[in-house]
Amino acid sequence: MGRLPPPELPDWLKAQLPFDRYMVEVGDGLRMHVMEQGEGRPVLLFHGNPTWGYLYRKVAAQLTDEPLRLIMPDLIGLGFSDRPNSAADHTMLNHPRWMAGMLGQLDLEDAVVVVQDWGGPIGLHSVSQSPGLMTGLVVMNTSIDAPKPGFKGTKFHRVMGGPLGGFISKGLGFPQKRLRFAQGDRDSIRGVVQKSYSYPLTRARGNDAPRALVLMVPDGMDHESVGPLREVGDFVRAFEGPSAIVWGDRDPVLGRLRRRTERMLPDATVTATEAGHFLQEEVPAEIAAAIRDVVSRS
C-alpha cells in the first residue's frame, strides 16, 4: 500500500516538527499519521490519551545524532490520524490491530519499544503480534497489566465515565485543554505547547477519542479491556531483553503504579523523577538516556 501524503500543517506547528511525515493505511479504511527521524535501529515511540506524536519531539531532539530510526505514530482518533466511524470503535482489540497494520508495512526488526499512557497496552499488544520484533523496552507512566479483582478506578475515570463525561469532554475540551494539571511542573505545558496538543482536536467532528479512550479503562473485571490487558501483562513479564523504567512520580493519574511496574520488570533500570503524567515534556533527557542505555545493552 505504501506511504501516503500527510495533511498540511500550519507554519507555527510545522516549525516545531523537523521530521519526515506520512500516512499509512491500517485497515477499516483508516489511515495513520506517522513521523520519523533518523536512520538505523528502529525505536518505536507510542503515546497515549489525548496526545499525539508531538509528545516525543523533545526526546527526539536529544537523540538527533544517534544511529536510530525514531518512529512516532499517532493513535487512530488522535493527532492527525483518521477518526473511526463511531466512538464505539475505540477498543483494546481495534487499537492494537490498527497499530499492527502500521507496523506490518514498515518491515521492522530488532526494535526498541518506548511506551507511555495508552501507548503502553496498545503498543505492546500490537508488538506482541510480531514475535521477536521487540528486543528492548522503555516504560513510562502507563498501566501494562490487567487490574486485580476489587480494584478501584481513579476519580478522573469515574467522572469521565459518568453522565457528565460527555459534556466535560466535548463541551469543555477536557482533558486536552487542561494537560498542565497532570504535570509536576505546570509551566511545562502552556502557550504554543498547549495549543499544539489541542489543535488536532478542534475539528468539527470525529473527536470522540479523548473520552472513548477513558472508557476503555476497566471499571470492573467484566470490562472488555481486561482480557487484552492480561495478555499485555503476560507478554511483558515474559520479556527477557533489556528494559528501563522512567517514571513521573507526581503524576496524579498513574504515578502510584511505578512499584507495580518495577515488579513486572525486576531487571529494569529505574529512573524516578518529579515529573507528572506527560513526562516527555519535563524530563526528555532522562528518557533519551534510558533509550541509549537499552540500545547499548541489546
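## Burial and the predicted model

A residue is called buried when its relative accessible area is under 20%, exposed when it is over 50%, and partly exposed in between. In this predicted model, F80 has a relative accessibility of 7% and therefore counts as buried. W52, with a relative accessible area of 0%, is likewise buried.

## Aromatic pairs

A pair of aromatic rings is described by the distance of the centres and the angle of the planes. Five aromatic pairs are found in a search of the whole structure. W12 is partly exposed at 26%, and Y199 is partly exposed at 32%.

W52 and F80 form another edge-to-face pair, with 5.0 Å between centres and 85° between the planes. W52 lies in the loop between β3 and α2 (57–62), and F80 in the loop between β4 and α3, 28 residues apart. Ring pairs join W12, W52, Y54, F80, Y197 and Y199 into a cluster.

## Charges over rings

K195 lies over the face of W12, 4.2 Å from the ring centre. R3 is placed over the face of Y22, at 4.0 Å from the ring centre.

## Helix α3

Helix α3 comprises 13 residues (94–106). At 1.5 Å a residue it should span 18 Å, which agrees with the 19 Å between its end C-alpha atoms. Its buried residues include W98, M99 and L103. The buried residues of α3 pack against several elements, among them β1 (20–27) and α4 (119–128). Just after α3, D107 adopts a positive phi of about 55°.

Notes. Residues are numbered from 1 along each chain as its sequence is written. This is a predicted model: local features need pLDDT of at least 70, side-chain atom pairs count only at pLDDT 80 or more; totals for chains, interfaces and linings use all residues. Side-chain values use heavy atoms; hydrogens and water are left out. Helices (H or I, at least four residues) and strands (E, at least two) are DSSP runs, numbered from the N terminus. The expected span of a helix is 1.5 Å times one less than its number of residues. Buried means under 20% relative accessible area, exposed over 50%, partly exposed in between (1.4 Å probe, protein chains only). Contact means heavy atoms within 4.5 Å. Rings of Phe, Tyr and Trp (its six-membered ring) pair if their centres lie within 6.5 Å; planes under 30 degrees apart count as stacked, over 60 as edge-to-face and the rest as tilted. A charge sits over a ring if NZ of Lys or CZ of Arg is within 6 Å of the ring centre and within 35 degrees of the ring normal.
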